[in-house]
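The following note is meant for a colleague who is opening this structure for the first time.

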Amino acid sequence: MLKALSLFPEKMCKVKIVAEKSLKKRIIDLLYDLKVLHIEEIKFSDFMHDAQVDIENLDKYSEMLINLESALNEMKEAGYVIENTGGRISENKLLKYEKDVHALEEMFRKLKKLREEYERLNRIYIEAERLRKLGVHDLNILRDNKPGVGFILVSIKDLDKTAEILRKNGKSVISFNHYFDEDAKRHFMLIMYKGKEEDILNSIDEQVIRKYDLESILNLLQEYGSNTKEILDKVVHKKAKLISAIKDLEETIKKKYVKKKDELSALLNTLQHVIDKYEQIDKFKESKSLFYVTGYVPCKDSDRLVRALKRISPNIYIEVHEVERGEDVPVKIEHTRFVNPFRVFLDIYALPKYRYIDPTLLMFFTFPLFYGFILGDIGYGLVLGIFAYILKKKTPKGSVMNNLAKVMLLSASSSIFFGFLFGEFFGFEKIGDYELHSYLHRMHEIKELIGISILFGLIHINLGLILGIYQKIRYKEYWHALTEKFSWILLQIGVGLVAYKYIANASDFYAYTGYVVIVTSIVLIYLGEGLKGLFELPGILSNLLSYARLGAVGLSSIAIAYVINLFVEQFIESGSIGGYVAAIVLFLVGHTFNILLGIIGPFLHALRLHYVEFFTKFYEGGGKEYKPYGILDNDHRR
Amino acid sequence: MADTGLLALSAAIAIGATAIGAAIAEAHIGSAAVAAMAEDEKFFGKGLLMTVLPETLAIFGLVIALLILFK
């Protein structure tokens, strides 16, 4: 339990394993199944090279995986989603499924071909129909190249204008036909001409939307003969046949494979793991007679790892020792199931370095607190809670959205709590006839509201600085702790003392002490951070004032709710049916809008206060994630 | 009465003008930050930090507005 409440990433140990080469396959299988070793790739040395494992059928497995993935993708597009149920098939039995996978992939390939053919027929139909409407019954007219006579097929903007230009061109234009296409919403025109094609096109250049390549259209239609009417009949007939073939095939796929979806999911899962296992084989090294691997394990799992390896052979050499400073150790962040979802904020930002503070646990308290303080409404909190609960149920466990939903669920509870404190229900001060008691009236006690917000800031920022000091002291960097972190606390104390003198009209002693403290802190800041620190002096003030948003954003939300309710009440007081309808519509639309703002706004602002104001005081990002051998990338965080 | 109007107007200018200033600055930084993030997602933290820096302007504006109103 104590570990789960830790402020630091889990303690890691470095492991080196050396064994006889003959044990290679068994060790690799064991490490993959244990899922604890984060393998470190080591540089090549003269006598070590990448390990080779001769796995029979590995090529076949890869091919099966590619075929299965492409088939499952096709199935997904057809609406049959195969979810990863986590099932597994024994590695020895994989080959049994080779034929099934091949047949499935073959079916989808056939289906794809049929659909492509259907598309091609559609195009032929459109082109033939177009030429028929343009008065062409025999395609040979277009095909016969009489010397000096040609055809142009174009779509045009203005029929009358084009016709006028073509008529003027009497010497070159022999004839032109046209029709209006309802689907394409434009005129099509077939022009028969003498002389040069460019001359005709140049004259109607401004009217042409697109020129069509007649030759390629004729090539497309060639296989169906020359008579447009006959072509259309043939195509319609063939299309009908194709549709029934496609439907039959879809039905077969559905019957044969949708029933087997759990089996397919297990097959996919197993294939992915097998391929993943051997894909990373080059992280292991070997020499003529030895096999070697090094990496990191959580110290608490190291005994288990050693025992399991010794069971393979007592002769395996295993070295487990603590990590040294300066090593690039992977970071494992593990908390209780309530705190874990908040890790998503570190994933978005950057993971902490190993041995540096992991603020997930603190965010578990402060994020919902800030969120609730901003939203602070029983009604909005309830709506947000329902929304978050649905999202949590609908999203896969461990996904980013699922974690966010859990975070929102806690934030909703906090909003309801503050809703009771502020006495607000959808902006009203009562629920039905029950008058809510308000401990802090946000609309009327604005000064107090902003004051409390800044007090939150004062605590939050100084908590960050204290964490920074703690971190520095842990590494025995006492001077840095004093000049880079404590100096800022000192500066605040100094300003506080001076302010106290003027606000409370206290004795000059406070002011003088304050000035001395301020000057001392500034000197310390200069010594610690140089000129940059001096430039950032006003930053601490803006950091503090930034927390005013806790009150201000909530205030804007309640002001909107208040205005909506004001109008709603006026409409209801009007007593007419129209008034009631308007009141209901306004209430629903207005509050939906406000809830949407209320969900997004507090989230971003609470997050920003953490990232910008809080993290900058202590956080060291840039750690690399702990990825144990045996866990696939996509289910890494489950 | 005229004084109340002038006070309200001053507060509005204080928050309005600073908010516009912050918005213009954030628009430029934000688009650059998004471009950087498209190249490498690791820039999210730094990008966000840079983007929200000018927000301080609006906060100072808000504080001045509140000071004017509650004077």
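**Notes on the model**

1. Chain A is divided into four parts to keep in mind throughout, namely domain 1 (1–50 + 284–331), domain 2 (138–226), domain 3 (334–429 + 442–471 + 547–622) and domain 4 (477–538). The model is a predicted one, and the distances and counts below should be read with that in view. As a guide to the layout, the C-alpha centres of domain 2 of chain A and domain 3 of chain A lie 65 Å apart.

2. An open sheet in chain A is built from 4 strands in the order S5-S6-S4-S7, with antiparallel pairing. Strand S5 (173–181) and strand S7 (208–212) of chain A are the edge strands, and each has a single partner strand, so one side of each is left without a neighbour in the sheet. From one strand to the next, the twist averages 25 degrees. Within this arrangement, S5(A) is paired with strand S6 (residues 186–194) of chain A over 8 bridges in the antiparallel sense, and Asp181(A) has Arg186(A) in S6(A) as its bridge partner.

3. Which strands of chain A are joined by 9 bridges? They are strand S1 (residues 12–20) and strand S9 (residues 290–298), which run antiparallel, and here Lys14(A) has Tyr296(A) in S9(A) as its bridge partner. S9(A) also pairs in the antiparallel sense with strand S2 (residues 38–39) of chain A over 2 bridges, where Ile39(A) is opposite Gly295(A). Strand S8 (residues 285–286) of chain A likewise forms 2 bridges with S9(A), in the antiparallel sense, and Lys285(A) is opposite Tyr292(A) in that pairing. The link from S8(A) to S9(A) is a hairpin through 3 residues.

4. The largest nonpolar core contains 71 residues, and those with the most contacts inside it are Phe370(A), Ile374(A), Met408(A) and Leu62(B). Residues are given to this core by both domain 3 (334–429 + 442–471 + 547–622) and domain 4 (477–538) of chain A, so it lies between them. Setting aside neighbours within four places in sequence, Ile374(A) is in contact with Leu550(A), Val553(A), Gly554(A), Pro602(A), His605(A) and Ala606(A). A second, separate core has 25 residues, including Val15(A), Ala19(A), Phe291(A) and Leu346(A).

5. Is Phe422(A) buried or exposed? Phe422(A), which is placed in helix H14 (residues 400–422) of chain A, counts as buried because it has 25 C-beta neighbours inside 10 Å, where 20 or more are needed. Leaving aside neighbours within four places in sequence, the contacts of Phe422(A) are Gly376(A), Ser438(A), Leu440(A) and Arg442(A). Between Phe422(A) and Gly533(A) there are 111 residues of separation in sequence and 40 Å in space, taken from C-alpha to C-alpha.

6. Where the two chains meet, 14 residues of chain A are in contact with 13 residues of chain B. On the side of chain A that touches chain B, at least two residues each come from helix H11 (344–349), helix H15 (446–474), helix H18 (537–546), helix H19 (548–573) and helix H20 (577–614) of chain A. Sorted by class, this side of chain A has 9 nonpolar, 3 polar and 2 charged residues.

Methods. Residues are numbered from 1 along each chain as its sequence is written. Chains are lettered from A and ligands numbered from 1 in the order in which they are written. This is a predicted model: local features need pLDDT of at least 70, side-chain atom pairs count only at pLDDT 80 or more; totals for chains, interfaces and linings use all residues. Two residues are in contact if their C-beta atoms, placed from the backbone, lie within 7 Å. Ala, Val, Leu, Ile, Met, Phe, Trp, Tyr, Cys and Pro count as nonpolar, Asp, Glu, Lys and Arg as charged, and the others, Gly among them, as polar. Two strands pair if DSSP finds at least two bridges between them. Axes are lines fitted to C-alpha atoms, for helices over the stretch in contact, and angles run from 0 to 180 degrees between N-to-C directions. Domain bounds come from an automatic or database domain assignment. A nonpolar core is a set of buried Ala, Val, Leu, Ile, Met, Phe, Trp, Tyr and Cys residues joined through C-beta atoms within 7 Å. A residue is buried if 20 or more other C-beta atoms lie within 10 Å of its own, exposed if 12 or fewer, and partly exposed in between; C-beta atoms are placed from the backbone.
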